[in-house]
Amino acid sequence: MTADTVLDIFKDITRIPRESGHEGPMTAYLQEFAAKHHFECRTDKAGNVVIVKEAAPGKEKVPTLVLQAHQDMVCEKNAHFDFDFLTQAIPYEVEDGWMVAKNTTLGADDGIGIAACLALLASDLPTGKLECLFTTSEETGMDGAFALEPGFFEGKTLINLDSEDEGQLFVGCAGGMDTTATFEFKREALRKGYRTLKVRVTGGRGGHSGDDINKERANALRLLIRFLYTELQYDFQLLTLGGGNKPNAICREAEAVIAVPAADIDEWKADAEAFEGIIQAEYKSSDPGLKVVFAEEASLIRPIEEGDAANIIMTLLGVPHGVEKMSMDIPGLVETSTNLAAAHIEGDVLKVITSQRSSVVSELHAMAERVEAAFFLGSFDVEHHGEYPGWKPNLESRILKVSVDSYKRLFLVDPEVKAIHAGLECGLFLEKFPDLDMISFGPTLRNVHAPGEKLELASLEKFVEHLKDIVLNFS
């Protein structure tokens, strides 16, 4: 097992469609892999797969070790990049020591974890019994982890391979939930002498709504709403509004179609240019590619009624987004946050998706209630769903000690032991299997959940060596 063998398997995985909820081809690939190598393979009703490799001679008394990754990936692409995640292979390049997908997500989250498991299974390393667990729909609600039943795997020690910073060992994570709000509006006629235009906020870096929420990156939907709010003093009609996609991704692009008096078009364009300059100055460090694109565009859609349009804009401006509180116990750890993830119009209904996270259950609920209250003030209907538990750190963990000792022996430095604000399935595993001893680690990934996602190849080398050493020395 080498970094090259892991990378070769991952390159195969980039050709397999595996959007959350559509993991069938990935599940079949795992089953075929198990059959080819004559491993025991189990699949449950949720599509979760366990592949079992029996202990090597002399290793029969070593406790069973569970290695875990999730089958699905976040499928995000740049708006004007023609690509279908259900039928096409991920286009990637290798440059400057990174494997990168420039116009789509790469799927290294968590395809590289899958690849590491399969490379280990296919190797001739003398290990104890291994159970490799591959869960489904982690990115959209941890459905596979929720569906796990007792007895699906037997090991009491689990290594989650879904972290994104080499040299860091994670022993805790945030819990979370999604909050969806809907507003049914009326429409009115396009006013005489009005012409339609599209305004787009684009070029945001986006990112993971847990791991990147503290990086102060631009939220394109919030910026678009901010621009429209400043223009409420002028005469315009709102026809459409949309931006974002997944609840666990920071919105990178958003657009609205508006109608304005023909005589005011030049003034609106000037306002858009001025707003572009403002936000480029504000986000020059975090999002240097931000743009406001403003152009005439014909539309046959009837405008949203004036009062309803104003209510939508003011409500969305008031919905919180970003870090709410930092941990007082773990320096640098975000404790509570919320993400204004997406908004889309379907017929005469606006649907807004948000996501809350916290490592404290009471604060998670309080954050969700604050978001709920903002929507209630705008007469939106609100629903909370998909709540999942956090993972409380256990600094006395046996697998943590094994992993720390291994890292120090291999690389002559101490790894960082941390908790993460992102959600990991470990919290659910612990709730279902209270005796589990767990740790999470992985190679370095950047721009996860956004186009431009990339994997650092040097970190992959260290990750693979660390994983091999842990597995070989676990007893």
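Which residue forms a salt bridge with Arg191? Select Arg191 and Asp235: the closest N and O atoms of this salt bridge are 2.8 Å apart. The model on screen is predicted.

**Stop 1: Arg191 and Asp235**

With both residues selected, follow the chain on either side. Arg191 belongs to the loop between strand S9 (175-184) and strand S10 (194-202), while Asp235 is in the loop between H5 and S11, so that the pair links parts of the chain 44 residues apart. Arg191 is partly exposed, at 22% relative accessible area. Asp235 is also partly exposed, at 38%. Together with Arg191 and Asp235 they make one network, joined by salt bridges that share partners.

**Stop 2: two further salt bridges**

The structure has 29 salt bridges by the rule used here. One of them is between the side chains of Arg217 and Asp212, with 3.5 Å from N to O. Both Arg217 and Asp212 are buried.

Next, go to helix H11 (residues 457-473) and select Lys468 and Glu465. Their side chains form a salt bridge, again with an N to O distance of 3.5 Å. Lys468 and Glu465 are three residues apart in the helix, so about one helical turn separates them. Lys468 counts as buried because its relative accessibility is 16%, under the 20% cut-off. Glu465, at 33%, is partly exposed.

**Stop 3: aromatic pairs**

Turn to the rings: the whole structure holds twelve aromatic pairs. Select Phe236 and Trp268, an edge-to-face pair with 5.1 Å between centres and 75° between planes. Phe236 lies in the loop between helix H5 (220-230) and strand S11 (237-243), and Trp268 lies in helix H6 (residues 265-282), 32 residues apart. Phe236 is buried at 9% relative accessibility, and Trp268 is buried at 2%.

A second pair to select is Phe375 with Phe380. These rings are tilted, at 45° between the planes, and their centres are 5.3 Å apart. Both Phe375 and Phe380 are buried.

**Stop 4: charges over rings**

Select Lys454 and Trp98. The charged end of Lys454 sits over the Trp98 ring, 4.6 Å from the ring centre. Then select Lys462 and Phe411. Here the charged end of Lys462 is over the ring of Phe411, at 4.8 Å from its centre.

Definitions and conventions. Residues numbered from 1 in each chain as written. Predicted model: local features only at pLDDT ≥ 70, side-chain atom pairs only at ≥ 80, totals over all residues. Heavy atoms only, no water. Phe/Tyr/Trp six-rings, centres within 6.5 Å; stacked < 30°, edge-to-face > 60°. Helix = DSSP H or I, 4+ residues; strand = E, 2+ residues; numbered from the N terminus. Buried < 20%, exposed > 50% of the residue type's maximum accessible area, 1.4 Å probe, protein only. Lys NZ or Arg CZ within 6 Å of the ring centre and 35° of its normal. Salt bridge = Lys/Arg side-chain N within 4 Å of Asp/Glu carboxyl O.
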